[in-house]
Structures are given as C-alpha cells and as structure tokens.
Amino acid sequence: LLGAVLVAAFALPAMADVSFFGYARVVPTYYSNFDFDDNTPDAAIATEAGTATGEAIRSELRLGWKAGGDKWKIMMTAESDLIYTNPNVDRGSGTNGSFFGIERAEFTYAFSPALELITGWPISAADIGTGGVLYGDDHPIIGFRGKVTDNFKYQLLYIPIFNAPVAGQATVSGDWRVYLLKPEFSFGTATAKGTLSPILLFSDNRARNAKILYYGLEGIGQFGIIKPSFEVIVADGEFRTTPVRDIKSLAAFAGVEVAVSKAFNPYIALRYTKGDDNRNDNKAEGFAGITDIGRFTPLMGMDGNVLGETLGAPYNSFLYSYAPDRGGGGNEYGGFGNASSGNNPGSQIIAIGAKGSLDGFVKNLSYKTQLFLINYDKTGNLVKGAGKPAGSVDKAAGITFDLQAMYAFSPNFSVNGIYSMFAPGDGIKDQLPATASSTAATVYTMNLVWTY
C-alpha cells in the first residue's frame, strides 16, 4: 500500500498558480468605396472576423490563462472573433460564432539564460519593430532564444506555415516551411543606445515550388529625443520550374521619431518594396515577404486604418499589408495565404505623422495622425481600365490620411475612434473603367475595449 501511495504521489504533476486575463473588443465599423468607384456597389472585403461591407460590428473576445515557475512558462488565449449577426451569436454550425479555440499559445523552458526553448503559436516576427516588410504573425513555431551576454541575444525559429500533403505527390509538395535566425547586438548607454540585428530567413515554399533566401539588417536607436529605425531586406531565390525563374527583390524602411514633448512626437518615414515591370521575362522582381505586417508597426502602423484593411483591385493589398503585393498576377511566392505575386508593382510610401498624450488639456486623452504619399515602384504589369486608351499606368497611387483619438475612461475601459481615407491618384484612376466615378475609400472605426 505504501508503495502504491508513493508511486501515485510522484506521478502527480507539480502544482502551479494559474492566473486569468482577457479582453473584449467591440468594433463598430463603416467601410465605403474600397473599389474607389462610386458608380458600383461596394463588394465585400475580408476582415479578421469574416467578410463585411458597409456597416458592420466586429467583436474580438479573448480569455487567457498563464502559469509559470523559475524556468518555465505557459500561456494560452482562447478567442471568438465574429461579426454581429444572429447566426454568429447563436453559434450556428459553420459560422464564426461556433468557433472558440486557442488563438495564441506559448510554452517556454529556460535551460539557461542563453538557451530557452519556445514553442506554440505566439506572435513571432522578424521586423515588426521597424517596417514590417518581411514577417510578423501568430504562425506555429518551435525554436530557441536566449540572452548570451548583456549585449547579445538571439532567436532561432522553425515556422511550419503549411504542412499539407497532396494526394499522389511527394509528402512535402504542399508544404511551406520557414527558418529564421535573428541575432541582436545592443550598444550605448541610457541616453544614446540602440540595437543592430542581422536577419537571415529561408523560405522553403514547396507549395509554390520556390526557395527564397531573405537577408538584411535592422536597426533601432534612441539618441536623446531622436529615435531612428531602419531595415533593409534582400530576397534572392528561384522558382524550381523549367525554365528556372529567378526571384530578385528588395524592401527597405527608414524612419525618425522626435520626442519633442509628451503631447507632440512627430515622425517621418519611408517604406519601400521593389516592383516588377515585365511579367513575361524570367525574373520575379516584385517583393513578397512571408507576411507584410505594416498595420502593427510602431511608427506607421494603425490597427483599423484603411491601408491596413483588405483593398482589392485596383490597389490589391491584403489584410495588414501596406504593399500592393497581390497586384500583377502570377509568380506567387509569399504573403498572407501564399498569394502575393512576384509580378506586383511594389510601392514607395512617404509618411509623416505625429502622436502624443493630451493629458495637459484633457486627462487620459491621446491621439495619432498620419499622412501617406503612395507611389507605385513599377507599373509595367498594370493595365488601363476597360474603355480607356492603351498606355502606361501612372505611378501616383494616391494619398491616405489617418486620425485616431483614444480616451481611457478607466484602467479597464477605453474607447478609440479612427477616421481613415485613401484618395486615389492617377495610377489608381488609370486602372478604373471609363464608366467609373473615382472617389476616396474610407473607413470609420470605433473601438470599445474592456480589459481585465
């Protein structure tokens, strides 16, 4: 009997305290003219909670729990993300309302400060702290990270995006696997400091029969009130087809924020993705990362602005992406859903903006505003709209303007509103049919957020 008791005791797992957390975000939104044509009815667009058009109310409801010890940690977050409709809230079969699962999960064990195992599907990223041109998402990962010295840390990740066997073919023919190595070197003191991070990422995209090596450098600094940041990413690979098609492209970002005062922090930035101008040659020069995550980057990002939503033809960007990487058609080798084209026109975005806290005028009130001047990089693969004379498409894609105001009523409840518009330039107008009445795409968003 004593032996049975001892076996049972040692078989029991060690107990740990579990804490719960969560939030509820309700987002009334109005979308208008995302096709830039006032003469045609608005088409449905893809959102995080499903398709929507016109007015829609999205709710993102999360319940999380976490536990940990000296060397280990687990954290999981369950989510329901849906648009307010009766079938959704009644959890109809097959609707978004019927799904409530683990949206995020993170499991770690630190063998030492220099070697920590990490796996699950947390937010992982290569460059979300700067331009977000390469990768940021909650894909499944397994790998290691660690702090080797006070000035050197790293992450090494395996990211199985697709693992989809194709009947009758090799077991890896539908796969897309990514390998990321990012060391980070820090330097400086409290008033003048920064980090430099070489980035090396290999995309083994069997689903597109493409292999791409991305490499580059990211830097983030603070020198007094001046906060510079930059990244440069090169894409070098090929489609393993007959004949072989080369993938040669480039993306870059540079920005500077100045902390003038608590109420006024202006910034200026440039974001660039190379475009392709000849879909008929043997080169895919339009940049497509793993996932463009521009919407959530610190300088130019805004969760709910028009450029971070799904803009179909003629701009052709998908959710979260600031680049028109689904334009051009063909030679797909990356992006959300593996649907970004190597023939895309690329983009050049000049951004100016400011943010700050207005506590000195109204307590708990803050804001962010920004203006983007957007040009296509190349237009050789873009075509004039139906009924228009043949010719090249202009490079001026348009101008976006975003204004966000945020007010915290309490530590547990806040509201923020966004007005965002995309006024089309001649480059977008050229692609509209002759019957179109060009107009700005607009979105009005209100975020009601409860946290606990």
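My entries follow, from the whole chain down to single residues.

**Ground rules.** I am reading a predicted model, where local features need pLDDT of at least 70, side-chain atom pairs count only at pLDDT 80 or more, and totals for chains, interfaces and linings use all residues. Residues are numbered from 1 along each chain as its sequence is written, and side-chain values use heavy atoms, with hydrogens and water left out.

**Overall build.** I found three helices and 25 strands. These are DSSP runs numbered from the N terminus: helices are H or I with at least four residues, strands are E with at least two. I noted that 45% of the 452 residues count as buried. Buried means under 20% relative accessible area, exposed over 50%, and partly exposed in between (1.4 Å probe, protein chains only). The C-alpha trace spans about 90 × 65 × 55 Å along its principal axes.

**Aromatic pairs.** How many aromatic pairs does a search of the whole structure find? I got 20. Rings of Phe, Tyr and Trp (its six-membered ring) pair if their centres lie within 6.5 Å; planes under 30 degrees apart are stacked, over 60 edge-to-face, and the rest tilted.

I looked at Tyr158 and Tyr179 next. Their ring centres are 5.3 Å apart and their planes stand at 35 degrees, so this pair is tilted. It links distant parts of the chain: Tyr158 is in strand β11 (residues 152-162) and Tyr179 in strand β12 (residues 176-188), 21 residues apart. Tyr158 is partly exposed at 25% relative accessible area. Tyr179 is also partly exposed, at 36%.

Then I turned to Tyr320 and Phe336. This pair is edge-to-face, with 5.5 Å centre to centre and 65 degrees between the planes. Tyr320 lies in the loop between β18 (283-284) and β19 (332-334), and Phe336 in the loop between β19 and β20 (340-341), so the pair ties together parts 16 residues apart in sequence.

**Charges over rings.** A charge sits over a ring if NZ of Lys or CZ of Arg is within 6 Å of the ring centre and within 35 degrees of the ring normal. I found Arg245 over the face of Phe239, at 4.6 Å from the ring centre. Arg326 lies over the face of Phe318, at 4.0 Å.
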